[in-house]
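Me: Hey, I've just opened this one and I'm new to it. Can you walk me through it?

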Amino acid sequence: MGQARNICLVGHSGCGKTALAAALMKRAGIKEQPALDASQEEKERGCTIDLGLGTYFANDLTVTLLDTPGGDEFVEEMYKGVAVADLTLIVLGADRGVEVVTERAWDITGNVKRPTAVLINQMDKENAKFDEVLASLREHFDGKFVPLQLPIREGNNFVGLVDLVTSKAVYFADKGKTEIPEDLALACEAARAGLLEEVSTYDDELMMKFLEDEEITTAEAAKALTGAVASGDVVPVLCASATEGKGLDQLMDAFGALAATHGDGAAPCRAVVFSLSNDPYLGRLSYVRVLDGTLQEGKSLVEVGTGHKMDIRDLYAFEGTTQKRVSQAEPGHIVAIGKAEDLRVGMTIATDQTVEAYAMPEFPKPVYSQAIEPKSQSDVEKMSEALREISTTKVTLKVDRDPVTKEMLIHGMGDIHISVFLERLKNRYNVSLETHRPTIPYKETIRKKAEAKYRHKKQTGGRGQFGEVVLRLEPHSGEGGYQFLDEIKGASIPGQYIPGVEKGVLEAMEEGNLAKYPVTNVSVAVFDGSFHPVDSSELAFKLAARHAFRDAFDQAQPVLLEPVMSVAVKTPEEFTGDIISDVNGRRGRILGMEPTGKTTVIRAEVPLSEMQSYALDLKSRTQGRATFQMEPAGYQPVPGNLQDRIIAQAQQDEE
Ligand SMILES: Nc1nc2c(ncn2[C@@H]2O[C@H](COP(=O)(O)OP(=O)(O)O)[C@@H](O)[C@H]2O)c(=O)[nH]1
Ligand SMILES: [Mg+2]
């Protein structure tokens with residue numbers, strides 16, 4: 001297998017990541033194969049959706065390319081790939097420069113000092129602008145971007161490049177020619193000096209030479225560069241054309257020179273699971289990067305932390321995009337484990353459960369939800385299994401049932417994200433689901449104390465029914481939102497009937513009087529009543545309590561409560577004012593603002609009903625440049641006018 005290098009390709013949709021991966025594999029002699037993004041949904045939409053893997057072997061290195069989607073709702077794949085990459089390559093279109101997903105990518109690699117390089121791709125395009133793209137990188141991000149190459153263009157053609165480390169030109173059509181074009185000579189000299197100055201900070205010897213103006217050899221510069229990239233401070237910039245196959249040899253060399261793998265081959269085995277997929281032929285595949293030791297087929301490992309045992313059955317490496325069975329894998333290598341249903345993204349597996357778990361980045365959480373319903377009876381049966389399969393493989397896709405509204409909900413990053421996976425459900429599992437906006441799980445409560453008496457009495461032949469209770473309701477803020485007190489003194493209600501009273505109360509609380517939402521935050525005391533020696537029963541007291549509760553509830557100033565979300569919006573500074581006034585318009589309460597560098601985090605509490613389409617609205621408001629997270633922050637009373645509308649709506653739905 002040789003040494004491994006894992007390169008994660010990230011960047012905005014359309015900059016040519018998938019084309020680049022294919023071109024590199026072709027260059028390395030991999031024969032024609034399915035694309036890295038060959039699932040039905042990816043083919044239909046013409047873009048990447050899942051993390052794609054392709055491996056080639058060249059210059060004694062096994063290089064695994066991790067191709068990520070450039071759509072901002074699919075960012076989890078970027079987190080997965082970057083987590084196990086030795087080098088992350090941010091790809092940009094030479095005619096477009098920094099875009100939304102470039103910013104997102106920078107946040108999870110360069111900004112947190114992971115080894116990162118930039119490729120300015122599509123250099124063949126007529127309006128390719130290497131210098132402008134470089135300038136926009138420097139303007140947007142706090143990284144030390146140093147070009148390793150400058151492109152050579154003749155007219156509108158990308159004909160070669162100058163390698164600033166070797167100070168030699170490379171012409172794609174004429175391998176013999178190496179002289180630097182005259183009009184580039186000055187720029188090259190300046191760029192090389194900038195490069196040496198930047199990298200010499202990472203190598204004391206080189207620093208001395210640089211300061212004393214001594215000649216620095218190619219080998220010395222290359223060595224210092226490797227260290228500078230490893231530190232995450234220096235971000236080398238290269239150029240290429242994926243579709244014209246230009247600059248690829250230099251890029252492949254750079255993968256070897258700029259990145260390094262770590263891991264102790266002699267140590268006991270340790271590996272991290274970074275991605276899962278459901279292969280139509282092989283079933284569940286769990287992608288792992290071996291961290292230490294040798295991962296062997298047929299052995300068992302345990303989950304670090306819990307000790308849960310995992311059997312390593314089928315093991316696959318990749319040749320291009322095709323899986324091939326292997327018996328073992330060494331540190332740094334990426335392989336897939338077949339049919340291991342218990343593995344999850346982020347899990348570290350090892351020989352010994354007490355070793356250190358691999359630090360995975362924190363994934364974003366779903367921010368957009370839809371209620372889903374099966375279209376027909378046959379869909380009901382297949383639905384849960386299929387949903388489980390699909391949601392297990394994706395960190396930012398969750399399925400659950402709302403305990404209040406009983407609706408089945410799917411949570412994701414946006415409407416495109418969710419609809420892609422619903423298409424996949426249809427394509428792979430033949431399950432059709434309809435979606436709609438989720439019902440808000442309102443609740444009901446009371447604002448003041450009230451009492452009510454109710455006598456349940458029936459005399460219709462045979463044995464009668466009799467039970468009488470007097471209840472007191474009070475607002476209650478304790479745990480669980482409910483408390484029941486038996487305050488009967490003497491024997492107005494015998495102890496055996498008290499459970500019946502509480503049952504009646506609980507039944508009444510399931511549907512409040514306002515709009516049939518569950519009642520919460522009440523303390524209920526039964527403090528008086530009466531019974532009949534023959535006709536009383538638990539059932540009679542239950543019915544009496546139910547009525548008494550409802551009567552008291554009506555007098556206790558009932559109100560609707562609505563769920564509130566705690567929201568954190570991260571935005572480029574320029575949108576701050578706009579976002580704040582929008583949050584105010586959503587009945588939100590701004591809690592604070594934290595400016596950090598060029599972005600600001602705005603914290604607020606906003607009612608859930610106002611946040612249902614926020615993922616889509618914020619995107620269009622900021623062209624996708626702001627992101628947000630939210631989580632439940634409890635319940636608060638609904639303003640009066642709105643409460644009337646919700647109650648009227650509930651009555652209308654009832655009819
Ligand atoms: N002219 C030109 N087109 C390219 C180049 N690389 C990719 N493309 C085209 O750009 C489009 C998007 O490429 P793709 O690889 O799907 O982009 P991705 O979204 O980053 O994976 C496709 O039509 C490619 O053929 C390039 O170097 N030059
Ligand atoms: Mg792609």
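Predicted model: local features only at pLDDT ≥ 70, side-chain atom pairs only at ≥ 80, totals over all residues.

Me: OK, so is Q122 buried or exposed?
Reply: Q122 counts as buried, because it has 26 C-beta neighbours inside 10 Å. You'll find Q122 in the loop between β5 (116-121) and α5 (130-140).

Me: What about the phi of Q122?
Reply: That phi is near 65°, a positive value, and Q122 is not a glycine. For background, most residues other than glycine have a negative phi.

Me: And K339, what's its phi?
Reply: K339 has a phi near 50°, which is also positive in a residue other than glycine. K339 sits in the loop between β19 (334-338) and β20 (348-350).

Me: Is K339 buried or exposed?
Reply: K339 is exposed, because 12 other C-beta atoms lie within 10 Å of it.

Me: Switching topic: how many residues surround ligand 1?
Reply: There are 17 residues around ligand 1, and the closest are G16, K17, T18, A19 and A242.

Me: Which helix gives the most to that shell?
Reply: That's helix α1 (residues 17-27), which supplies three residues to the shell around ligand 1.

Me: What does the shell look like by class?
Reply: Around ligand 1 you get ten polar residues, four nonpolar and three charged.

Me: Now helix α3. How many of its residues are buried?
Reply: Eight of the eight residues of α3 (residues 76-83) are buried, so the helix is largely enclosed by the rest of the structure. They are E76, E77, M78, Y79, K80, G81, V82 and A83.

Me: What covers them?
Reply: The cover over the buried residues of α3 includes the strands β1 (3-10), β3 (61-67), β4 (87-93) and β11 (270-279), along with helix α4 (100-108).

Me: Last one: at what angle do α6 and α8 pack?
Reply: Helix α6 (residues 182-200) and helix α8 (residues 218-230) pack at about 60°, and their axes are 9 Å apart. That angle is why α6 counts as oblique to α8. The crossing of α6 past α8 is left-handed.

Me: Which residues make the contact?
Reply: On α6 they are L196, E198, V199 and S200, and on α8 they are A221, A224, L225 and A228. By class, this contact of α6 with α8 has six nonpolar residues, one polar and one charged.

How values were computed. Residues numbered from 1 in each chain as written. Chains lettered and ligands numbered in written order. Near = placed C-beta within 6 Å. Helix = DSSP H or I, 4+ residues; strand = E, 2+ residues; numbered from the N terminus. Nonpolar A, V, L, I, M, F, W, Y, C, P; charged D, E, K, R; others polar. Axes fitted to C-alpha atoms, helices over the stretch in contact; angles between N-to-C directions. Parallel < 35°, antiparallel > 145°, perpendicular 65-115°, else oblique. Left-handed = near helix turned anticlockwise from the far one by under 90°. Contact = placed C-beta atoms within 7 Å. Buried ≥ 20, exposed ≤ 12 C-beta atoms within 10 Å, placed from the backbone.
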